[in-house]
Each structure stands twice: as structure tokens, then as C-alpha cells.
Amino acid sequence: MKNKIYYLINIFFLAISILFINYTGIFQMKFTIYQFLVLILIFLIIHILKFFKIYLILLEEKIPLRVMARLYIKTTFVSTVLPYKTGELFKMYTYGNEIKNYTKGIIAVLVDKFFDALILCLILVPYGLIVNGSIPKMGLIMLVFFIIAVIIYISFENTYYYLNKFFVFKNQTKKSVVALRLLEKACEVYIKTKEMIRGRYLLLLILTSTTWAFESIFIYVMAGFMNIKTGFITITNYISDAFFGINNVLFNNYIYICTVIFLIMTILIYFNKYILKRKNKSL
């Protein structure tokens, strides 16, 4: 029954994603074969780095590399095509289903986003203050997310022990029992988060910063091919428009390239599965 639900959810998200594809935009891209190959090469480097980042976060779950690659391809395709980051829910669900722990699936994606937020804060906040005298909206959102996450992570243990002792010894009511259960759930999340990043802070930071460096190179190269004047503001606008879902010619082309590559890969994955099933039935 669980497998049927999983397959139905996969079919639903993949079908919706295919409907959301901007096919007109894809066919309107005006790159030469050479330019397209250069962009694909940089694009693949970006996503190889992103893949190893999420693989590193889920390293202790011992997911086979081949399985992890398959999960990354289809979840990235969905999260790229669907608007307003709704595809991230599918990503959380898919990873959670694979490791038989949906909480860990959610945490893995949030940890991934946390390191993105850290690097973006280090770029957008100083740039906004130096150039414009104010922090851009995107930088402010990332900064707030980063600060809240760090405060919760650092202060959790002391807060947990204090509240646990308070509800056990000083406030023995039905509400305190509910509060204790919630505390235990929160503690589980905290422990799982620690397990995912223990000993991997530096590697995750290196992978995240290298990914964003190649993403910046991708924007500069694409803008050059399109005869668009580039500067650091081009990068910040690209990041901001990507986050808020605002039309941006560079980001749109990134989406189109991503859609084409990952759609083809996803089709090949399911076609290969179908062939293997047919072979197993015939044996």
C-alpha cells in the first residue's frame, strides 16, 4: 500500500511538472551548439556539486550512490519546474520515503538550504550595505532565516533541559504532558540535525561556496553569449528574481536548460525501470 501511495505521489508531481514546463521558452533559446555545450558543461558541474552536498548530508543513511543519483535527478526536475519552491515538498517527501524517516527528509532539505543561506548572507548583506547602504530584501530574508536557525540550534540543549525539568517537577498537568511530548519530538529533530552535520561543516561550506561560484560563472558566461552587460548586480538580481519567482531572462534560460536536461534524465530513468521490469517478467 505504501509503495502504491509513493508511486502515485511521484506520478502526480512529475505530471504537474510536465504541465508547468514552458515549452515555448525552451524553443526560443538562441544559443549556438558551441554555446549550448559550454553552458551544459558548467551546468553539470553545478549539479554534481549540489548532488554531493545532499549526499554528504544523508551520508549516514548509506543510500547507494546510484539510488541517490536517481532521487536527485527527479526531485531537482520537479523543484526546478514548479513555482514558489513547492517542489521542495516533493524533495523532502522523496528523501524521507527512501530512508524511512520523513522527519530526516525534511531536515536534510532544510540543512541544505541553511548552508545556501549562509553563503548568500556573506555575499548579499555586505554588498547591499556597501553599495546601496541597505540590505536587499533577499539578503534580509536569508539573514533572518540564518539567525533564527543558529539561535535555535545553539540554545536548544539548555532550553530543553530547563523546560523538561520544569514540566516534570513543577507543572504536573495534562498540558505539561503534551508539552513534554512536543519537547521530545523537538529533541529528536535536534539530535537528527546534529547527526547530519557532525564533522561535515567545513565540507558542506566548501561545496556550497564552490557551487555558488560556478553558478556565478554560469551567469557571466550566459550573459556574455546573450550580449548582456554583466556585473555583481547581475548576480544579485539573478538570485533575488529566482527566489521571488520574478521573470529574469538569465534565470529563465537556466530553468529551460535545467528542465531539458533533467526531463531527459527522468524519462531515461523510468524507461530503464520499465525495461528491467519487462525483462524480469519474461525470465
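Me: Which residues does Y72 touch, leaving out those up to four places away in sequence?
Reply: In this predicted model, Y72 touches H47, K50, F51, I54, Y95 and F262. Contact here requires heavy atoms within 4.5 Å.

Me: How far apart are Y72 and F262 in sequence and in space?
Reply: They are 190 residues apart in sequence, while their C-alpha atoms are 9.7 Å apart.

Me: Why is Y72 called buried?
Reply: Its relative accessible area is 8%. Buried means under 20%, so Y72 is buried. Y72 is found in helix α4, residues 65–81.

Me: Why is K104 called buried?
Reply: K104 has a relative accessible area of 13%. The cut-off is under 20%, therefore K104 counts as buried. Its place is in helix α6, residues 102–132.

Me: What makes the K104 and E61 side chains a polar contact?
Reply: The pair is joined at 2.8 Å. The limit is within 3.5 Å for N or O atoms, one able to donate a hydrogen and the other to accept it, so the pair qualifies. Beyond four places in sequence, K104 is also in contact with I99, K192, E195 and M196.

Me: Which residues touch the most other members of the largest nonpolar core?
Reply: Of its 70 residues, these are F43, I54, L58, F77, Y95, F218 and I257. Helix α6 supplies the largest share, 12 residues. Another core, of eight residues, lies apart from it and includes F156, Y160, F167 and Y190.

Terms used: Residues are numbered from 1 along each chain as its sequence is written. This is a predicted model: local features need pLDDT of at least 70, side-chain atom pairs count only at pLDDT 80 or more; totals for chains, interfaces and linings use all residues. Side-chain values use heavy atoms; hydrogens and water are left out. Helices (H or I, at least four residues) and strands (E, at least two) are DSSP runs, numbered from the N terminus. Buried means under 20% relative accessible area, exposed over 50%, partly exposed in between (1.4 Å probe, protein chains only). A nonpolar core is a set of buried Ala, Val, Leu, Ile, Met, Phe, Trp, Tyr and Cys residues joined through side-chain atoms within 4.5 Å.
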